[in-house]
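Here is a quick tour of some helix packing and a few individual residues. Have the structure open and follow along.

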Amino acid sequence: MEPTLIFNTGAPISIVDASGNVLNVATGQAFFAGLHQRFCFSRCGGSQSGVHVRLSPQAAWRLLGPGAAACADHAVLVTDVGDQGLSAAVRRRGPPDPSRARAEIIELLDRALMEAPQFCPETDWSIGELARPGTTVAAVAAELGWSRQRLIARCRQVLGITPKVFGRIARYQRLLATLDAEDSWADRAAAAGYFDQSHMIRDFTAFTGRSPRAHVGDRVTFVQ
């Protein structure tokens, strides 16, 4: 569900989102997927390898600008996200050398971040607060001295989604962190901030296309 950046160094892959849209990613290409509230799958007919970069929403915005928010709920080739920042850097540099892909990509990202604009402190704080359990949009807006409408507009601009949806994604991420625990599903649901177990199951199925038990029982299939 978090913003994801992947440089493909293996066989071509296809990313299929919940609406059936397909993005084909050739060897040497990179793609970016924004914050997701629906599931997508990757398909590969050969040996799959690459470098997977987990990004915060703030880092995604700094690297890709407004294009990061426009990628909410779907995947796009990095070179198609915009004409500045990381997109321009990837176009200039071309595919990484598979034998040293990780080192080249780290160097590319470090340089892109050094040249990227700084993130708005107020927006940075609001994103952190909205990810906390029990936080309300009204409380965050009041603390900033903003209206609810201004906070919602800022989140759409930076995240591509509303604060309410972002809070839902954050709650799901807290649940994912408990999947290897021995607690009952009811306890996991409560700890993550769900009203009850059925509420948790509805969200989990919407995000992954699978029930929690099926997901935990068969992690061979990659679901993002």
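## Ser126 and its neighbours

Leaving aside residues up to four places away in sequence, Ser126 touches Val140, Leu144 and Leu151. This is a predicted model, so read every contact here with that in mind. Ser126 sits in helix H5, and with a relative accessible area of 1% it is buried, the cut-off for that label being under 20%.

There is also a pairing to look at further along the chain. Arg154 lies 28 residues from Ser126 in sequence, and the C-alpha atoms of the two are separated by 9.8 Å.

## H5 against H6

Helix H5 covers residues 121-130 and helix H6 covers residues 137-144; their axes come within 10 Å and cross at roughly 155°. Since angles over 145 degrees count as roughly antiparallel, H5 and H6 are roughly antiparallel to each other. The crossing of H5 with H6 is right-handed.

## H3 against H4

Next up are helix H3 (residues 85-93) and helix H4 (residues 101-115), which pack at an angle of about 140° with their axes 10 Å apart. Are they antiparallel or oblique? Roughly antiparallel needs an angle over 145 degrees, so H3 and H4 are classed as oblique to each other. Their crossing is right-handed.

From H3, the residues in contact are Leu86, Ala89, Val90 and Arg93, and they meet Glu104, Glu107, Leu108, Leu109 and Ala112 of H4. The class breakdown for H3 with H4 is six nonpolar, no polar and three charged.

## H8 against H10

Helix H8 (residues 163-176) and helix H10 (residues 197-208) have axes that come within 11 Å and cross at roughly 100°. That angle makes H8 roughly perpendicular to H10, as the range for that label is 65 to 115 degrees.

H8 brings Arg168, Ile169, Arg171, Tyr172, Leu175 and Leu176 to the contact, while H10 brings His199, Met200, Asp203, Phe204, Ala206, Phe207 and Thr208. The contact of H8 with H10 divides into eight nonpolar, two polar and three charged residues.

Asp73 isn't a glycine, yet it has a positive phi of about 70°. Where is Asp73 found? Look in the loop between helix H2 (66-70) and strand S7 (75-77). With 24% relative accessibility, Asp73 counts as partly exposed, because the buried label stops at under 20%.

## Cysteines

How many disulfides are there? The count comes to zero, going by a cut-off of 2.5 Å between cysteine sulfur atoms.

Cys44 is partly exposed, with a relative accessible area of 28%. Cys71, at 3% relative accessibility, counts as buried.

Methods
Residues are numbered from 1 along each chain as its sequence is written. This is a predicted model: local features need pLDDT of at least 70, side-chain atom pairs count only at pLDDT 80 or more; totals for chains, interfaces and linings use all residues. Side-chain values use heavy atoms; hydrogens and water are left out. Axes are lines fitted to C-alpha atoms, for helices over the stretch in contact, and angles run from 0 to 180 degrees between N-to-C directions. Helices (H or I, at least four residues) and strands (E, at least two) are DSSP runs, numbered from the N terminus. Angles under 35 degrees count as roughly parallel, over 145 as roughly antiparallel, 65 to 115 as roughly perpendicular and the rest as oblique. A crossing is left-handed if the near helix is turned anticlockwise from the far one by less than a right angle, and right-handed if clockwise. Contact means heavy atoms within 4.5 Å. Ala, Val, Leu, Ile, Met, Phe, Trp, Tyr, Cys and Pro count as nonpolar, Asp, Glu, Lys and Arg as charged, and the others, Gly among them, as polar. Buried means under 20% relative accessible area, exposed over 50%, partly exposed in between (1.4 Å probe, protein chains only).
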